Amino acid sequence: PCLHPPQLVASHCTVSLAMAGTADWMYRAIEAATEGPEPTLSSASNYHALGAASEWPQPPPTHRGLPRRTVRELFSSPWQIVLTLLTGAALLVAIVAVVLFVDLALDDLFHPASDQHPVVGRYPTDIHGNRIPQTLAHLQALGHNIMLQGHSWEPMEIEADEPLRKGPLMPDSVALVIVDMQPLFYDESSPWGAQGGLAGSSMGDIWQNQYQLARRLMRFSGHNDSVFLTRFVVPKSAASAEGIMRHYYSPRPGAAAATADELTARGAHVPYLLDIMPQLQPLIADGAQLCVKYTPGAFAPDSELSAALDTYFRRIGGRTRTLILVGVETDYCVLSTMLGAFDRYYRVILVSDAVGSSQPNSALAQFDYTFRRFDHLLDLATTDALLSHLS
């Protein structure tokens, strides 16, 4: 450094304030040395020779703080002021970068990749572009525990080889309700359909399980009419709908445009959309009951299911009445039907691999949270586990 130009030596002072006193001493040493032959420090003898020279300045006494001359040099000219400020800004950026790097390193150390919280996706928005809050996803991304609390939950899962906690299934006290398995909710000609039709819908994955359960229950109960299929029917127009359903079908941005008149106008075959899907039609041909409904839940006042179930159970004499519930959508019509069943004192068994939804995250949230709150009233089963109890 002693061989550098004095200006560069001075600029070094701005990089390391801790060595400001030494830099100042070196600066003055260079000024004195440039009056004679260029000194060299290649050997100890030369160093001692230089040290004996009367013009060689001695180091300033050690003291705290920045030497006054160094401070004056840092701000001695406009360009030096600019250089000092730029160097300070660079130091600040470097410090911030180091802090961020250390923070990320510690996060990787204490939260390995396998345990890291999933990345939050794009927020859903309403028709006006406003964000829809996703509170749980936000909390999870921040590292908060979003699981249920407590340790006193009643087990809800039905196992194939274990007794049922809420009592066995008896042939005279169980019925199967299949909710809204219609082309209206998967066909591409419907505003509620799926891209790719049945193959692109969750309904394509669950109807086989529903069919198996229906056939097994018909044999178990000895009654083919122990199986009930609900059929959601849309009004002719929004004006002909009841109550809040008028708003549901009213023309507005984001509305489904799914009244019978609107479906016809778009070229859809309305009777086909409103009927039960062809794959489940053999059940009806063999005696399963078909019940019309006009709202999400199948126990609305004008729904046919409630009266049909009452008639069936009165006829066969069952006391503890159990409904096996399957269909679509898990977080909408199935959920609403389940709540209505509780209000009518039914025990409900929800078959997890025989329900589906066009909003799978919302459906999973029902299993993780909403359904668990009804642990004393509701059981959860897979198709295979339930089939073993209907043998």
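1. Strand β5 covers residues 347-356 and pairs with β4 in the parallel sense over six bridges; two strands count as paired if DSSP finds at least two bridges between them. Helices (H or I, at least four residues) and strands (E, at least two) are DSSP runs, numbered from the N terminus.

2. From β4 the chain passes through helix α13 (residues 333-343) to reach β5, in a right-handed β-α-β crossover. Right-handed here means that, with the strands pointing away from the viewer, the path from the first strand over the helix to the second runs clockwise.

3. Please keep the origin in mind: this is a predicted model, where local features need pLDDT of at least 70, side-chain atom pairs count only at pLDDT 80 or more, and totals for chains, interfaces and linings use all residues. Residues are numbered from 1 along each chain as its sequence is written, and side-chain values use heavy atoms, with hydrogens and water left out.

4. Strand β4 also pairs with β1 (residues 174-179): the two run parallel and are joined by six bridges. Here I178 stands opposite V326 of β4.

5. How many residues of strand β4 (residues 322-328) are buried? Seven of its seven are, buried meaning under 20% relative accessible area, exposed over 50%, and partly exposed in between (1.4 Å probe, protein chains only). Both faces are covered, with T322, I324, V326 and V328 on one side and L323, L325 and G327 on the other.

6. Elsewhere, do look at helix α5 (residues 78-110), where V96 is found. V96 is partly exposed, with a relative accessible area of 43%.
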